[in-house]
Amino acid sequence: MADPRGLDSVSGPAPGARRRAWAELLAGRVTRQKPGPGTRQKVQDSAVRLLRSHLDWSGLLLEVEGPPCKKLCLGPLIDHDGPEACSDLSTSFIGSALRDHASQLGVPVAVLSSQMAASSIVRMCAAGAEHAHRVLLDTEQRKKLSSLIEIAQYLLAHSMFSRLFFCQELWKVQNSLSLEALWRLHVHNVVSLWELLESCADLQAVVSWLFRNLRLLCEQVEAPCQHTDIARAMLSDFVRIFVLMGFQKNSDLRRNVEPEQMPQVARDVLERMLLFALEALAAGLQEESPAHKAVSCWFSTFSGQTFGSIISTDAPKRFFSHTLTQILTHKPVLRGF
């Protein structure tokens, strides 16, 4: 038979020794600190940073909701996709659901709703990615954007939407954005073009993006398509905004950037478009080429109809004076007598 003392030695240390081991373990435990005055804000800031780095919104919301609340997944509701996207769902229902999710995540509802809206717009624009460098939306995309704008307007009216966070999220993926989407956000007072521009950290990248998209928009205006009227309205609005932004004196300077940065962005976009037009004309383009159509469309935009609403200001006068100087001094040729 086996020695009972051997069994005791195999079974482990004596009860007293076990108590000492637990004491040592507990002694090494970090004491839980009582929350201080700024602890809640620090935790919330950390949650916001984590939230902004989370790319899979549907997965994140599903994790928060859990299986019992799966039918209330907000991704399909806001995107108006899938079986959850019922036509009778009101904006107030979505606002209430966003408030509940923000509470569960421990973040401000304005941050969550703004990022949800930005993520939905990016996915909507990406749905037409098969059309390379497209500046106009198709019919289905406009329908989805209209619903998103309605939700955003409700959230704004109830102080549940952050324009700054919304704009910053959009610019993270600016190459996936449609120019028409930004235009409609401006027209429907969700965010102004000024707010969109000043929220981007890299202003030169914004200038390049706007220049490239305005060129494509000019080509769309001259191309035979069923949405020419939308393209013309967009171009007229952008030109009017840039002229006012770049050449109006005593403009509203209560902004988050240096006072001269936004007017300079507007002037840079207009100057790059003019330089492109002058270089294209000097190269002798064929009339049916896309570049020739873009130049023709750009120059035809500067009419009384475009500037009718701002004719009472001095901005058009200063703009045309500045433009005439650029044209007359563009690659001058000095000839001897």
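## Basis

The model is predicted, with local features needing pLDDT of at least 70 and side-chain atom pairs counting only at pLDDT 80 or more, while totals for chains, interfaces and linings use all residues. Residues are numbered from 1 along each chain as its sequence is written, and side-chain values use heavy atoms, without hydrogens and water.

Helices are DSSP runs (H or I, at least four residues), numbered from the N terminus.

## Packing of α10 and α13

Helix α10 (residues 179-187) packs on helix α13 (residues 228-247) at about 65°, and their axes are 11 Å apart. Axes are lines fitted to C-alpha atoms over the stretch in contact, with angles from 0 to 180 degrees between N-to-C directions. The two helices are therefore roughly perpendicular (65 to 115 degrees).

On the α10 side, Leu-179, Glu-180, Trp-183, Arg-184, His-186 and Val-187 make the contact (heavy atoms within 4.5 Å). Their partners in α13 are Ile-230, Ala-233, Met-234, Asp-237, Phe-238 and Ile-241. By class, these residues are 8 nonpolar, 1 polar and 3 charged (nonpolar: Ala, Val, Leu, Ile, Met, Phe, Trp, Tyr, Cys and Pro; charged: Asp, Glu, Lys and Arg; polar: the others, Gly among them).

## Packing of α7 and α8

α7 and α8 pack at an angle of about 170°, with axes 10 Å apart. That makes the pair roughly antiparallel (over 145 degrees).

Ser-113, Ser-120, Ile-121, Met-124 and Cys-125 in α7 meet Gln-141, Lys-144, Leu-145, Leu-148 and Leu-155 in α8. This contact has 6 nonpolar, 3 polar and 1 charged residues.

## Cavities

The whole structure holds 2 cavities of 30 Å³ or more. A cavity is a set of points on a 1 Å grid over the protein atoms alone where a 1.4 Å probe fits but cannot get out; lining residues have an atom within 4 Å of a point. The largest cavity has about 40 Å³ of space, a volume being the space filled by probe spheres set on the points.

Its lining consists of Ala-117, Ile-121, Leu-148, Ile-149, Ala-152, Phe-161, Phe-166, Leu-185 and Val-190. α7 (109-126) and α8 (139-157) are the elements that give two or more residues to this lining, and α8 gives the most, with 3. The lining has 9 nonpolar, no polar and no charged residues.

Notes. Angles under 35 degrees count as roughly parallel, over 145 as roughly antiparallel, 65 to 115 as roughly perpendicular and the rest as oblique. On a 1 Å grid over the protein atoms alone, a cavity is a set of points where a 1.4 Å probe fits but cannot get out, and a pocket is an open set with protein on both sides within 12 Å along at least five of seven lines; lining residues have an atom within 4 Å of a point.
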